[in-house]
Amino acid sequence: WSLPNAEHYALQYTDGRQTYITESNRGEIKNGSILRLTTSPDQEAERLYSGIQSNNSDVKTDSLKKLASLSQDVTFAQEFINRNGLKQIFYIVEEGNDTGEMLAHTLKAFMELMEHDFVSWETLSAAFIKKIVSYVNMNAVDASVQQLSLSILENMVPTSRPLFDLVKKEVTLDRLLSHLQVTNAQLQLKAMALLIALLLAATEAERRDMMDYLREKNIRQFIHKNIIHSSEPLGDEMAHYLYVLQSVSLNLCERRMRTSMDPYSQDQRELLQSLRQTAFESESEAPASNFSTERRRSLCAKEFRKLGFVNNSNPAEDLRRAPPGLLALDNMVYFSRHTPNAYSRFVLENSSREDKHECPFARSSIQLTLILCEILHVGEPCSETAQAFYPMFFGQDHFFEELFCICIQLVNKTWKEMRATQEDFDKVLQVVREQITRTLSLKPTSLELFKTRVNALNYSEILKLRQTERLHQEETLAVPVLELRERLKPELLELIRQQRLLHLCEGTLFRKISSRRRQDKLWYCRLSPNHKVLHYGDVEEGVHSPPIESLLEKIPVADMKMLLVGKECPHTKEKSSGKQNKDVLELAFSIVYDMEEYCLNFVAPTRYEFCLWTDGLNVLLGKEMTSERTQTDLDVLLSMELKLRLLDLENISIPDTPPPVPKPPSNLNFCYDFSHAEQ
């Protein structure tokens with residue numbers, strides 16, 4: 001257009017994030033994108049840099065508002081930071097007394113500028129941090145300012161130890177708890193985010209102290225009553241934080257789980273003796289002290305054998321295996337002290353049975369503790385995306401121990417139902433594991449409900465469930481049935497393909513994950529109804545299915561070249577410098593498009609979504625569906641279709657070879673002629 005001073009202008013997208021077009025991203029412009037001519041990023045940065053220093057408060061507020069929105073663009077952010085713009089932002093925060101709209105825009109702009117990682121969080125001045133902390137600690141501050149301040153602190157905490165120490169010292173747990181008790185859901189969420197960031201960045205000893213303090217302040221009861229059972233539905237972000245809190249709490253058991261019993265430790269030996277004394281001291285008439293040492297030792301060994309220790313002369317040997325280590329001893333002692341009647345009943349009932357039919361209490365407890373640690377992922381690092389917490393965890397103090405008390409009684413009950421002997425020990429524990437996992441998958445809201453349901457799921461119920469599953473397999477193994485299966489497969493695979501494409505057309509909400517922290521930014525991706533274009537774009541929290549017109553970025557399906565999953569994805573390679581996160585690897589996939597130059601990177605919210613999306617994208621690329629979900633869906637559909645086809649053959653055994661076809665008759669004169677009858 002032959003404009004004078006061409007370098008003062010730039011092209012910018014009119015829709016979406018309104019990114020500037022530069023030499024590096026000009027290749028990404030799609031046909032149909034609407035661009036506008038605007039002032040160049042450096043001119044705009046210069047103008048806003050002067051604007052935010054203006055003495056006129058309206059001009060200053062408008063400049064800060066514009067700065068907050070433009071700072072999302074990496075080109076503009078670079079120009080603004082190069083002009084020492086952050087210094088000016090620090091000045092406004094450090095020197096200003098405003099706590100309203102102007103401050104909110106300033107903090108928003110600061111957050112967006114820091115998001116690009118041009119500047120380290122460690123360069124922040126002490127005065128600036130003190131000011132941010134003061135907004136969190138003051139009462140008469142705008143809620144949006146407090147939310148942004150909490151977010152800034154949440155970002156600072158994981159970056160360095162001095163920043164963690166500073167935030168932990170200045171923002172007390174009491175203050176965070178008071179923010180958790182507000183009605184503003186966003187403020188509550190940001191307070192929870194900072195609390196979780198502090199817990200994750202702390203050392204094990206600090207984490208233990210913080211969790212003890214939170215327990216004293218009844219955070220569990222508060223979460224159970226006001227967050228889990230509030231009238232508002234629980235958002236994904238909050239569900240993730242509750243999962244992390246549950247995970248951090250359960251991981252406090254890890255140290256005991258990984259510590260073997262020390263036979264020379266006086267405390268541990270006393271705990272072990274207390275188990276024997278609680279069960280047997282009351283029933284022995286003469287106190288053991290009257291016996292000779294030899295007699296006393298043989299009596300103790302006999303009692304430890306009744307308690308179900310394998311090595312009855314030296315029961316400490318049984319607890320040398322770690323995991324479950326000392327955690328198993330803690331659980332047994334907790335059971336004997338908090339439910340002494342149930343404990344005595346368990347031990348005495350089994351010591352009066354025949355030797356081979358008695359259920360060994362100690363051996364069962366050790367194995368059960370190990371099973372519970374595996375089911376509840378004790379000692380495993382927190383996932384970055386998981387949201388699967390148990391509501392009943394927040395409904396109960398000493399959750400792990402109380403769960404153990406219910407499950408150890410379940411072991412005894414199942415042992416009796418199975419009429420088990422010592423050889424069946426592993427089988428019984430396998431059934432108990434199945435009873436626990438099946439009940440937990442129903443997400444009971446309290447331990448009482450868990451207890452009711454797990455006891456209702458007795459051995460005969462488990463057998464029925466197993467038999468049903470086995471029958472499904474057996475009845476589909478006859479040769480003619482297998483042939484019918486193969487014939488039905490293509491039709492049903494086509495049905496699954498259609499379902500996958502329909503799911504892609506409905507779209508899914510994905511979460512952006514950066515190398516520094518779990519992001520709270522969301523984006524949405526969906527396939528156009530004609531299956532020709534993938535539409536995607538950023539969305540706000542709370543938007544569940546945005547209209548396709550609002551998703552401004554596009555990738556034509558014809559330009560898609562291949563699908564990458566797991567370790568092959570570029571965004572998992574970037575993360576591999578830190579501690580590689582297993583769950584992100586399992587949920588990551590990328591689409592390579594445009595001459596294999598560009599990638600669109602995803603991290604699916606769940607394994608289910610991962611399977612549906614990878615299958616759908618493989619269908620669009622003309623490839624086979626490879627996810628495990630395809631196989632299970634195909635099995636379910638085949639099993640239903642076969643049942644319907646074989647309904648008429650109920651109780652008829654199907655031969656392996658078809659019956660012989662009879663010879664044709666010698667003449668065909670048995671045909672009835674209708675024409676005569678009509679006359």
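Modeller: Buried means under 20% relative accessible area, exposed over 50%, and partly exposed in between (1.4 Å probe, protein chains only). This is a predicted model, in which local features need pLDDT of at least 70 and side-chain atom pairs count only at pLDDT 80 or more, while totals for chains, interfaces and linings use all residues. Residues are numbered from 1 along each chain as its sequence is written, and side-chain values use heavy atoms, with hydrogens and water left out.

The structure contains 33 salt bridges (a side-chain nitrogen of Lys or Arg within 4 Å of a carboxyl oxygen of Asp or Glu). One of them links Glu44 to Arg47, with 2.5 Å between the closest N and O atoms. Because Glu44 and Arg47 are 3 residues apart in helix α1 (residues 41–51), about one helical turn separates them. Helices (H or I, at least four residues) and strands (E, at least two) are DSSP runs, numbered from the N terminus.

Another salt bridge brings together the side chains of Arg208 and Glu204, at 3.1 Å from N to O. Arg208 and Glu204 are 4 residues apart in helix α11, so about one helical turn lies between them. Glu204 has a relative accessible area of 40% and counts as partly exposed.

A further salt bridge joins the side chains of Asp633 and Arg500, at 3.0 Å from N to O. Asp633 belongs to helix α28 (residues 628–645) and Arg500 to helix α24 (residues 479–506), so this pair ties together parts that are 133 residues apart in sequence. Asp633 is buried at 19% relative accessibility, and Arg500 is buried at 0%. Through salt bridges with shared partners, Arg500, Asp615, Arg629 and Asp633 form one network.

His179 is a further residue to look at in a helix. His179 sits in helix α9 (residues 173–180) and is buried, with a relative accessibility of 2%. Apart from neighbours within four places in sequence, His179 is in contact (heavy atoms within 4.5 Å) with Val136, Gln146, Leu187, Gln188 and Ala191.

Now the loops. Pro323 is in the loop between α16 (293–306) and α17 (325–338), and the bond joining Ala322 to Pro323 is a cis peptide bond with omega of about -10°. Pro324 is found in the loop between α16 and α17, and the peptide bond from Pro323 to Pro324 is cis, with omega near 5°.

For Asn218 phi is near 60°. Asn218 lies between α11 (204–216) and α12 (219–228), and it is partly exposed at 39%. For Arg419 phi is about 50°. Arg419 is in the loop between α20 (399–417) and α21 (425–440), where it is exposed, with a relative accessible area of 69%.

Asn97 belongs to the loop between α4 (85–95) and α5 (101–115) and is exposed at 71% relative accessibility. From C-alpha to C-alpha, Asn97 and Lys131 are 10.0 Å apart in space, while 34 residues separate them in sequence. Lastly, Asp58 is in helix α2 (residues 57–70) and is exposed, with a relative accessible area of 54%.
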